[in-house]
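Here is a short report on one protein model. Look at the structure first, then read on.

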Amino acid sequence: MTDSNNNNKDDPFSYLHGFGNEFESECLEGALPQGRNNPKQPPYHLYTEQLSGTAFTKPRTAGNRRVWLYRLQPSVTALSQRPLEPVVKNNDGRKEPVYFGHTPPTDCEPQVNALRWHPRPSIINDSNDNKNESITFIEGCQLMCHGGSSAQKQGVAMYLWECNTSMTHSSLSNADGEFLLVPQRGTIRVVTELGMLQVAPQEIIVIPRGIHFSVHLVKEDGDEDATTTTTTSHRGYMLEVYGGDGFQLPELGPIGSNGLANARDFCHPVAATYGQTNKNNNMTPFQMYAKMQSQLFVQPTASSDSGPSSLSPYNVVAWHGNYLPYKYDLQKFCTVNSVSYDHLDPSIYTVLTCPSSTLQGTALTDFVIFPPRYMATDENTFRPPWFHRNTMSEYMGLIVGQYDAKPNGAFLPGGASLHNCMVPHGPDAVAVQKATADPCTEPTYFDKGLAFMFETYLPLTVAPVALTDVEWLDVNYAPSSWKSLTVSGQFSAWEALVQVEQEAQEKLTRRKAASETK
């Protein structure tokens, strides 16, 4: 089904609705071949190209994903890409390859402490003119955490991004995996080979492996800022999943056939071209970037070693299939929660999941949100999350407002935290005191913010820059959150506990003596 307004007056695009469905779309009437996929001569003399997101032989019931493209020029014309010019990063003058996210995953370091970051200091030009003036999405991505291997198609990476300039004449394709973008400040317009999508804070977009895309910025008045920089940078979070099959909806089990993220609320683009001609009816130059095993490549022109290509990748006039980018409005999430007692596991807030190919019943990664919701009404329920050590690693961010387990104001929108595999974490002292004193005699509706979590079964390593910038890293996170949670002075059974320990020791002594006499 095509929705002309998407129930959002600020979004100018039409969409096709439904998760995982087979769709077809054309921006020129009659461009889509009928009755076959690759005719000898497609309509309008277009070229036929298939983009396969899974192996040919993957069962349909297991999510075989591909899309047929009918385009002005095939992708093979852009096969002269080469690594970006190495840059000097070491004191000894050695040059290193250019990595997406500015940090090689191999440089990331393991961590066994709870970590939290303030919103990252802006990388955009400041009043002293000592920072960058013009930053696109590619330049503004910073790797934060990494686990697994892109070469093995089994792993994840987590990023922060900030930009103030649209990718007007450049594109990026990612051979390593699937991107999930979470805008936190500013609306973005994402141009893809399959069409265009507009994504605002409290929405997400998923871009499958290999699909070219460009991130454009939308000003507060709704117009695209395509030629100039914005006065306030746009920023957000991003999860990259290397798993071969990408994201899917979580199984609902006993919940039934409805709830959480409903399939009908996922929006796919309709066919559209972009950047084919300029005002003089000439081909608009394009710089095409590619990411492979975290390294950046670019296609040079025929006459120089760097510079834009004459090909815009956004030349698909028609398509049909199910391997498509999509967006989702997090405010449409149908929340499930306890209506009697206890704080349930956060898995009930899973929007999307990517199952592990090796561990049954375990996610390589989950995207989880903590939306507005009613809390349990039982008078003896501790409402915030419990103290926890988890085999899964938890990277959290805050889109807007506050997080109910950290109400002291130190966890800010644009900030982040990491509780790695088996690292203790939980509500801070303020939340504990407040929840313990809460009579819980009537339902409580939490609507003060929207937080999210990237969760993975992999232990994560952290980029060195995120561990050394004290303006960014919250060095007081653990002390300010939990230092006051000492042994309870109100503990009322010290004598009984001491007696239990003594009896246990006496029991061991008697057993030892009995064994020695035999």
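## Terms first

Strands are DSSP runs of E, at least two residues long, and they are numbered from the N terminus. Two strands pair if DSSP finds at least two bridges between them.

The mean pLDDT of the protein is 89. A pLDDT of 70 or more is reached by 89% of the residues.

One stretch needs care. Over residues 301-307 the pLDDT is below 50. Beyond near neighbours in sequence, this stretch has ten contacts in the model. Where pLDDT is low, the predicted coordinates should not be read in detail.

## A four-stranded sheet

Strands of a sheet pair through backbone hydrogen bonds, either parallel or antiparallel. Which order do the strands take in the open sheet of four? The order is β3-β23-β5-β4, and the pairing is antiparallel. Strands β3 (23-26) and β4 (47-52) form the edges, so named because each pairs on one side only. On average, neighbouring strands of this sheet are turned by 20 degrees against each other, direction ignored.

Now look at one pair inside the sheet. Strand β5 covers residues 66-71, and strand β23 covers residues 316-321. Five bridges join these antiparallel strands. Take Tyr 70: its bridge partner in β23 is Ala 318.

## Salt bridges around Lys 291

The structure holds eleven salt bridges. One of them joins Asp 176 to Lys 291, with the closest N and O atoms 2.7 Å apart. Asp 176 sits in the loop between β13 (170-174) and β14 (178-185). Lys 291 sits in strand β21 (residues 287-292).

Why does Lys 291 count as buried? Its relative accessibility is 1%, and buried means under 20%. Glu 240 is buried too, with a relative accessible area of 0%.

## A salt-bridge network

Lys 327 forms a salt bridge with Glu 203, the closest N and O atoms being 3.3 Å apart. Lys 327 is in strand β24 (residues 326-329), while Glu 203 is in strand β17 (residues 203-207). They lie 124 residues apart in the chain. Both Lys 327 and Glu 203 are buried. Through salt bridges that share partners, Asp 11, Glu 203 and Lys 327 join into one network.

Terms used: Residues are numbered from 1 along each chain as its sequence is written. This is a predicted model: local features need pLDDT of at least 70, side-chain atom pairs count only at pLDDT 80 or more; totals for chains, interfaces and linings use all residues. Side-chain values use heavy atoms; hydrogens and water are left out. Axes are lines fitted to C-alpha atoms, for helices over the stretch in contact, and angles run from 0 to 180 degrees between N-to-C directions. pLDDT is the predictor's confidence in each residue, from 0 to 100. Contact means heavy atoms within 4.5 Å. A salt bridge is a side-chain nitrogen of Lys or Arg within 4 Å of a carboxyl oxygen of Asp or Glu. Buried means under 20% relative accessible area, exposed over 50%, partly exposed in between (1.4 Å probe, protein chains only).
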